[in-house]
Amino acid sequence: MKNNILHKADSRFVADHGWLKSAQTFSFHDHYDPQRIRFGALRVLNDDIVNGGKGFGRHPHDNMEIISIPLEGTLEHQDSMGNVAVINPGEIQAMSAGTGIYHTEFNKDPAESVTFLQIWLYPNKLNVTPRYDQLDYSKGDRHNKFLQILSPEPSDEGVWIQQQAWFHMGEFDKDFETYYSLKQAGNGLYVFVIKGSVTVNGQALEQRDGYGLWPDSDVKIAAADDAQVLLMEVPEEW
């Protein structure tokens with residue numbers, strides 16, 4: 001039986017570059033812990049704050065699924081495929097880097113910082129043609145329910161990526177309880193608490209905590225306070 005894993009918010013790696021402050025759940029750049037490399041196909045979960053007018057200059061990626069979810073502020077994206085877009089809270093952006101891309105990400109607002117989740121997943125197919133996708137889910141119903149915002153199928157709800165993964169976002173009133181059923185047996189579920197506090201199968205989680213588990217039945221999520229939760233279902237192997 002695979003072990004569940006708890007990542008408390010204050011156990012994350014912290015990088016402070018002045019213009020960028022990043023809380024990193026898994027090993028990233030200068031921070032390395034062999035016990036914190038990945039959870040299944042989930043390789044990177046960075047909680048980034050970018051100062052006004054600052055951002056990531058042109059840099060490459062390949063063979064990685066890259067997802068950005070703004071929480072506060074706006075982020076401008078440009079890439080070598082010719083895409084120019086602004087992503088806002090309530091939107092999700094996904095890129096299949098495949099054979100290789102270059103891109104930039106900037107906070108164009110000189111006065112306000114932007115907070116966003118930067119998430120990388122290993123793909124289940126290498127060297128695909130690079131692809132960009134973006135979705136506004138702000139009007140989707142996620143009050144006391146999980147709204148699907150990412151899947152492996154182009155015809156399904158949300159953006160799609162090259163991996164057997166599903167993401168859901170939900171906002172819950174205090175004391176509300178619900179259950180999540182895996183889309184694919186054998187997958188793992190990584191729960192990230194954006195706001196508030198919840199219990200997941202009895203495990204208490206506070207704001208910005210993460211909890212990975214390998215359930216063989218439905219997962220119970222109960223809101224201890226008003227809470228916002230991101231679920232990431234990912235395969236162990238691919």
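I looked up the largest pocket of this predicted model and found 17 lining residues, of which His-17, Leu-20, Phe-28, His-29 and Phe-56 lie nearest its centre. A pocket here is an open set of points on a 1 Å grid over the protein atoms alone, where a 1.4 Å probe fits and protein stands on both sides within 12 Å along at least five of seven lines, and lining residues have an atom within 4 Å of a point. I noted that residues are numbered from 1 along each chain as its sequence is written. Local features need pLDDT of at least 70 and side-chain atom pairs count only at pLDDT 80 or more, while totals for chains, interfaces and linings use all residues, and side-chain values use heavy atoms, with hydrogens and water left out.

I then checked which strands (DSSP runs of E, at least two residues, numbered from the N terminus) contribute to the lining, and β3 (20–24), β4 (42–50), β5 (55–61) and β11 (114–121) each supply at least two residues.

Next I turned to the rings and recorded nine aromatic pairs, a pair being rings of Phe, Tyr or Trp (its six-membered ring) with centres within 6.5 Å, stacked under 30 degrees, edge-to-face over 60 and tilted for the rest. Because Phe-56 belongs to strand β5 and Phe-116 to strand β11, the pair ties together parts 60 residues apart in sequence. I also found a cluster in which ring pairs link Phe-26, Phe-39, Tyr-190 and Trp-214.

Methods. Helices (H or I, at least four residues) and strands (E, at least two) are DSSP runs, numbered from the N terminus.
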